[in-house]
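Reader: Could you walk me through this structure feature by feature? I would like the general idea each time, and then the case at hand.

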Amino acid sequence: MQRALHPVNARLDDHLPTDHKLSKVYRVGAGLTGLLLVVFGILGLIDQIGFFDTGGDTVLALNTNGALSVLSICIGALLFFGMVVGGTFASTLNIVLGVLFIASGFVNLALLDTELNFLAFEIQNVLFSFVVGVMLMWFGMYGRVGSALPHDNPYWRARHPEQAAREDRAGRTRGRAPVVHGRCP
């Protein structure tokens with residue numbers, strides 16, 4: 001009940017090095033997925049397919065049209081931006097876009113074989129949307145959720161402040177430096 005009333009507001013601190021393990025995972029996930037989407041979008045635009053054409057043109061075994069190509073490039077660019085920023089922003093962006101990809105898969109599954117299918121989705125596009133959504137969510141949630149997070153993880157420390165403080169005090173009495181938000185002072 002307390003967690004519902006007071007949600008955890010954990011974040012990677014700005015003072016973490018850019019090569020921090022968690023930030024690397026978020027950046028790699030955003031970058032690779034962004035690259036995949038940009039390549040797909042560019043190849044779709046090179047084929048000069050009509051913007052809202054639903055004629056069954058394929059690129060990389062996925063159905064596409066100009067609108068889907070442009071949308072893929074825009075989302076890929078957003079993921080590249082997340083890769084550059086890194087940290088919690090990239091993690092949250094991966095999670096949000098992952099949820100949106102999964103939702104898009106369900107919406108477009110419902111729109112298959114209707115006149116409202118203006119992005120020319122076919123079943124392979126729906127499956128691709130699901131896979132990319134799960135992949136983005138995995139990259140975004142890595143190190144943020146789970147039952148076995150290390151105790152120096154900033155998200156674990158934010159969820160367990162009393163235990164983190166006890167461990168810091170115990171570490172000081174043993175001569176170790178306390179861990180502060182995933183780093184040693």
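Reader: Happy to start with contacts. Which residues does N125 touch, leaving out those up to four places away in sequence?

Author: This is a predicted model, and in it N125 touches L62, N63, L68 and A120. N125 itself is found in helix 5.

Reader: Is N125 buried or exposed?

Author: Buried is the word for under 20% relative accessible area. N125 has a relative accessible area of 4%, so it is buried.

Reader: And V107, where is its place, and how does its accessibility count?

Author: V107 sits in helix 4, which covers residues 87-111. Its relative accessibility is 48%, so V107 counts as partly exposed.

Reader: Now for the aromatic rings. How is a pair of them described?

Author: You give the distance of the centres and the angle of the planes. Here, a search of the whole structure finds four aromatic pairs. In one of them, F81 and F89, the ring centres are 5.6 Å apart and the planes stand at 85°; planes over 60 degrees apart count as edge-to-face, so this pair is edge-to-face. F81 is partly exposed, at 47% relative accessible area, and F89 is partly exposed too, at 37%.

Reader: What about the rings of W138 and F139?

Author: Their centres lie 5.2 Å apart with the planes at 70°, so this pair is edge-to-face as well. W138 is exposed, with a relative accessible area of 52%, whereas F139 counts as buried at 13%.

Reader: One last topic, confidence. How should I read places where pLDDT is low?

Author: There, the predicted coordinates should not be read in detail. For this chain the mean pLDDT is 82, and 83% of the residues reach 70 or more.

Reader: Which elements of the chain have the lowest and the highest mean pLDDT?

Author: Helix 1, residues 2-5, has the lowest at 52, and helix 5, residues 123-141, the highest at 95. Keep an eye on residues 11-17 too, where the pLDDT is below 50. That stretch has 18 contacts in the model beyond near neighbours in sequence.

Terms used. Residues numbered from 1 in each chain as written. Predicted model: local features only at pLDDT ≥ 70, side-chain atom pairs only at ≥ 80, totals over all residues. Heavy atoms only, no water. Phe/Tyr/Trp six-rings, centres within 6.5 Å; stacked < 30°, edge-to-face > 60°. Buried < 20%, exposed > 50% of the residue type's maximum accessible area, 1.4 Å probe, protein only. pLDDT = per-residue confidence, 0-100. Helix = DSSP H or I, 4+ residues; strand = E, 2+ residues; numbered from the N terminus. Contact = heavy atoms within 4.5 Å.
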